[in-house]
Structure formats: structure tokens, C-alpha cells
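Visitor: I would like to go through this model term by term. Please set each value against its cut-off before drawing a conclusion.

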Amino acid sequence: MDFLNGFVALLNFVVIPATAYGAQLALGALGVTLIYGILRFSNFAHGDTMAFGAMATILVTWAFQSMGLHLWGLPTALLALPFGIVVAALLVLGTDRVVYRFYRRHKVSPVILVIVSMGVMFVYNGLVRFVIGPDDQNFADGARFLINARDFREMTGLDEGLAFRTSQAMTIITAVIVVAILFWFLNRTRTGKSMRAFSDNEDLALLSGINPERVVAITWIIVAALATVAGVLYGLDKSFKPFTYFQLLLPIFAAAIVGGLGSPVGAIVGGFVVAFSEVTITYAWKKVLEYWLPAALEPEGLVQLLSTDYKFAVSFAILVIVLLFRPTGLFKGKSV
Amino acid sequence: MKKFLMASAASVLAAGGAMAQDDPIKLGIILGFTGPIESITPNMSSSAQLAASEINEAGGLLDGRMLEAVTADSTCIDAAAATAAAERLITSEGISGIMGADCSGVTGAILANVAVPNGMVMISPSATSPGLSEAEDNDFFFRTAPSDARQGEVLANILMDRGIEEVAVTYTNNDYGQGLSDSFISSFEEAGGTVTLNASHEDGRGDYSAEVGALASAGGDALVVLGYADQGGLGIIRGALDSGAFDMFAMGDGMYSQSLLDTLGSSMNGSVGAVPWSEGEGSEAFAGLTEEAGFDAATSYTRESYDAAALIALAMQASGSTDPNEYKTAIMEVANAPGEEILPGELGKAIGILQDGGDIDYVGATNVELIGGGEAAGTYLEYVVEDGTFEQVEIR
């Protein structure tokens, strides 16, 4: 019984939140890594692309809600998601047409594109605030919990509660589906193969008759879709506030780099590495150990390796260590 | 022709002299019109300007000179921007006193870098960090908001009175949060309580599950949240509620916001907290004034702003000078007893009494009583959340 209690506590405070957060980071890091692999620059505007896609989805969600459309237990935002993706795709394609294409034609070095993407980031930043404002927006509806802590306690008779939010379940399931589709697309379809060829060797790809503009456009559409899905899931799970998306950029880049920039598998693994390291290393193990250890060995203190103040330091320490020993990241991405 | 020139020159000079006498007295208002507290500063500024216009309507200060408010942006978080704004008000606007700043961090920066070197009086309506009590201020700094040292004590008493003796604490990682958590913990432990964990949180972060996990593991009967309602404070409470870690919260003044309750719904019922408050004739009179002026007095720190501006003006009148070095000593005199009690809306009367050599005790909208180095003693509202609204329990 004690073992079960400890296990449930661990699940409730570490495994479930970290898995959901990891899935959100992984979706974000996939977008960053695709841009890096195919367009060959670090896209700093990615966090704000997520915010923009989520914003477009929220506006459509509100329209649906006022029309009385709903998805029974599930959030209406899922219904609005395709519309959000279309709007976000139009935005990034437009940005590519008026901004990035110019620099691509001039074959500028990647570092200039990074700075350009920073400029784009500020423009998106302002755009989102201009349309929806800097405040928190609430757009979640439907059932909030699959299992709620109190019900779980009554149901099982355990001392520890277990909460599993609908948004967490949705995040994890959606992440799995999206990743599966993406890998199928990249490995099995003609377009996906041409994208990989373009990523591996641009000149050879051009010689083989691959149209670069088409590859670039498809990349942007996929990135817009990934960013919108990640942004909406994050907004449903936590809250939509433009500023937090900007802050998310940091862990997302850490995830992409740990996994290896340009490697889709790496982005997913990196997302979970960053999320789990943030949560587990700063977790106070006292509660779990009290259940698991015999009474004589029960800890006096909190058994916390590091205070939560250092949670960001943890993911960056991991980043540094990985880069020291494997400069291309865990999954052999491109060296930075 | 020469005579005519001389005459016109003389008359211009004379007019200039007369103009100088009628020059308005400029009052600097430095508040965070952009940044984290941009939603409450417009009403604070309106309140300070209300005091100025009330004095002007009653015939002005120091034999009919008018008060003119000039505003500048403190940003609440950017010390460099706030310092530059204060510098500009002093050098190019020529102000005679500062109503501000708002957040504790920028207030300390302006005080040390601008106000003390330039000899400028500052009365802050909302900087509550206990650290400012010990700041090197050469008696130029006052505040109409109470120090958080007092708030921490009040919050500790509220919990103790309810029989809650073991809590976990989380605070927003800045001067305000740090100061408040220090004062809360020392009062709470002094009263016999136990703090299981004191963890900071950063505002605007993506994920708070690490903090919630650590706080839940440390445990306690309640979680004390000393943060902001629209920032990390909300994220922490949401995470703690969702995971079933805590169902009772005690909140500092930064969490006093209806939007928090609207977002979180019925699960907040039973939680408690404290917020600087005042009641009685003064705040009622002030509510009447703001209603006439057409803005809402119920948002945070409006009363304190009115009082801060009024105190500067009355001290100038009492000392007969607009020189900060001269009138700074008069601030405590007009704010405290003895003398005739002055409520909001009676500033004209107060100036009359001071002109006749009388003594006043400015009560204002917040029952101003300056103690120690010139900060408000302060009263707090203890509230409990019931049916999604803040219900008053008592005034402490």
C-alpha cells in the first residue's frame, strides 16, 4: 500500500506533468529543428509563431463558442485548430516571401538569417499583442479532468491523489500522432524524401531536379502546423499569455540542441530530457521516500538535490555537458 | 525711440517677474504606465492629479501658485529607464517633488541615483519592500503605503488565528516577493508556526510543475502565495489545485484581483489573504470625490496616491517653500497629530489653516500616520474567498 502511495505521488507530481511539458517542448523543438535542417538557420521567431497560431485558433474558438458549436467533452479549440494552422501558414509563407527569400537569394551566412529572424520575432510579438492584447486569455472548455485528485482518492482508498487533466492526455496523444505523421511524411513520401535530400546536400538536390522553392514552402507549412499545435496545446494546458511563449523559446532551443539540431528524433528526445531534468532534479523526494523506505530510514530534510531556483540552470548544465562530449547533440545533428 | 525701447524692455522684465511669481509648481508623477502593473497605474495617476486640481480650484498654494502635474514612466521593472525618467523630470521639467515611484525595485533605484543626489522629495504610494525602510535617504523618502514587514505580520496572524501552523511558502523572485516572504516567515515562526519550504518562482515562465512538486512534497496545511495574480502566482495556484497538492491558500496583496477568482472558480473558496485597506470617513470622502471625477477608487493604491500628492502640497504650504530641503521636514508635521483633522476634499481648508499659522493633522483617504523614517503604519483587510468573491472578515 505504501509502495503504491509513493508511486502515485511520483506519477502525480513528476511523471505526468513532465511528460506533458516534454511533449509540448518536443513539438516546439521539432519546428526549430526542421527549419535548421532545411533552411539552415536558428529561427528565433518560433516562440512567437506559436503564439500567433494559438491566437488565431483562439479567435476562431471564440467564434465557434458563440455560435454554440462544441465537441462534447473535448475543448472546442480542437475544432478550430485547422483554421489556426491555415492562418499561421499564410503568415509564415508571407514572411518568407517578403523577408527570408531576399536573404536566401543573396546566399547570406546563417548568422545574418538568425538576426533577421529576431527582427521577425519582434514584429510577430507586436502583431499578437496588437490583435489580442498582452493579457491572459481563457479559451479552454469541456471537461478539465479525466481523473481528479479527490475522486481518485475516494475510488482507490489511497492517501495520495492522482490528477490527470484532459489537456495533458490530449497533449501526449496529439504529440504521438503528429510525430508519427511527420516521420511517415519525411521517410515515405516523395515530397518528404526531397526535403531530406535538400537538407543533406542542397547542390545535389538541385541537380536532381528538386524545386527549392517548393521544398521551402512545404517546410514552412509543416512548421506552422507544428507551431500552432504546440501553441494551442500549451495554451489549453497552462494559459495563453503572449509573453510566456517568448520565454518558452529558451527551453525549446535547449531541447533542440541537446537532441542535435536538424535531427527530428533528437528534438523529441531533447524535449523530454529538458522537461524531466527540470522537474526531477529539483523535486523534493521526501514524500516518496517516506512511503518507500522503512520508518527508521525516513529522511529528516526535504531530500531536494537543488532548489527550484536552479531549474533553468539544470537544463543548461545538461546542454553544456552534452555539447562538450557530443558537439552535434545526442542524435548527430549538424554542428552549430 | 530709445525711451520706448527702454520702456518696453522694462515692462517685459516686470511682466517676466510677475510671471515667475505665478509660475506653476510642478509635481512629478512617476508610475509604471507600461510594464507589469500598467493596469492599475492610470487610476493612481488620476488620483494624484485629483489632489492637484482640488488645490488649484481652491486657489492654489503659496499665495495663488498653481500645481501642475507632469508624468513619467517608471516601467516598474527597468531601473535604468526609471532613473532616466526621474532625471528628465528634475533637469528639464524643473519639478519640486516626486509622487512615486511605484514598484520597490525602481523606487530604490530612483531614490539612490536621482532623488538623494539632487535633493528631491519622493513620496511613494505603493513601494512596500521592507528594505526601503533602511535605505540611505537623507530624509527625502516617504511612503503612504505600509512596509511589507507589517503585511507579513498580519498574514502570519491571520493564519495563526485560524489554527494553521504548518505552511509552505512561495514568492515571486523580486524585491517585493523576497521582502514579504522574509517578514512573513519571521513573524510566523515567532508565533510558533513551521514553514516547510520557502521556494521562489519566476514570473512569466512556461511551466511551474517543478515548483508545485517541491511544495507539495514539503507539504503543509496551506500554501502561502506571495506573488502576482496575473503572473506566476496564478500558475502556481492552478498547478497546486489541479494536482490536489493544496486546497487552501493564503495570499499577499499582489494576489488581490477578481480576475484570479474568475479564472479559478469555486475551488478557491475558503482561501484567505490580506490587502492594504482603509475604511472610515476618509476613504468614504475619497470615494465620493473619485465618483465625481469619474474614475474607480476601488483599484489598488489610488487612495495612497491621492495622499502622497496632497502631503507634498501641504508640506510646501506649511514650510512656505517649494524647496525640497525646506519642506521635507514639514511632511511629518502635516501628516501627524496634533492639529485639525483634514479629510479628502478639504485640501483648500487645510491650506487656509496653514496660511493662518494653524496646525493640521492630515487624515486623508488612508488615515495617514507616518511612523519611523516616514512610512505609513497601515491597516489591512483580512478577507476570505466565498462564492467566488472576496468577503471582508475584519480590518487589522
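Visitor: What makes R104(A) part of a helix?

Guide: R104(A) falls in helix α3 of chain A, residues 77-105. Helices are DSSP runs of H or I with at least four residues, strands are runs of E with at least two, and both are numbered from the N terminus. This is a predicted model, in which local features need pLDDT of at least 70, side-chain atom pairs count only at pLDDT 80 or more, and totals for chains, interfaces and linings use all residues. Residues are numbered from 1 along each chain as its sequence is written, while chains are lettered from A and ligands numbered from 1 in the order in which they are written.

Visitor: Why does R104(A) count as partly exposed?

Guide: A residue is buried if 20 or more other C-beta atoms lie within 10 Å of its own, exposed if 12 or fewer, and partly exposed in between, with C-beta atoms placed from the backbone. R104(A) has 17 C-beta neighbours inside 10 Å, so it counts as partly exposed.

Visitor: Why is E292(B) called exposed?

Guide: E292(B) has 10 other C-beta atoms within 10 Å, and is therefore exposed. Its place is in helix α10 of chain B.

Visitor: How do you know that the radius of gyration of chain A agrees with a compact globule?

Guide: The radius is taken over C-alpha atoms, and the globule rule is 2.2 Å times the number of residues to the power 0.38. For 336 residues a compact globule would have a value near 20 Å; chain A has 21 Å, which agrees. The C-alpha trace of chain A spans about 70 × 55 × 35 Å along its principal axes. Of the residues of chain A, 45% count as buried.

Visitor: Why do β2 and β13 of chain B count as edge strands?

Guide: The open sheet has 7 strands in the order β2-β1-β3-β4-β5-β14-β13 (chain B), with mixed pairing. β2 (67-73) and β13 (370-371) of chain B each have a single partner strand, so one side of each is left without a neighbour in the sheet. Two strands pair if DSSP finds at least two bridges between them.

Visitor: What makes β4 and β5 of chain B a pair?

Guide: β4 (residues 122-124) and β5 (residues 141-146) of chain B are joined by 3 bridges and run parallel. Within them, M122(B) stands opposite F141(B).

Visitor: How do you know which residues of chains A and B touch?

Guide: Two residues are in contact if their C-beta atoms, placed from the backbone, lie within 7 Å. The contact takes 33 residues from chain A and 21 residues from chain B. On the chain A side, α1(A) gives the most, with 6 residues. That side of chain A divides into 14 nonpolar, 9 polar and 10 charged residues. Ala, Val, Leu, Ile, Met, Phe, Trp, Tyr, Cys and Pro count as nonpolar, Asp, Glu, Lys and Arg as charged, and the others, Gly among them, as polar.

Visitor: What makes up the two domains of chain B?

Guide: Domain 1 covers 24-146 + 281-373 and domain 2 covers 149-278 + 379-395; such bounds come from an automatic or database domain assignment. Over C-alpha atoms, the centres of these domains of chain B are separated by 30 Å. Contacts join 16 residues of domain 1 of chain B to 12 residues of domain 2 of chain B.
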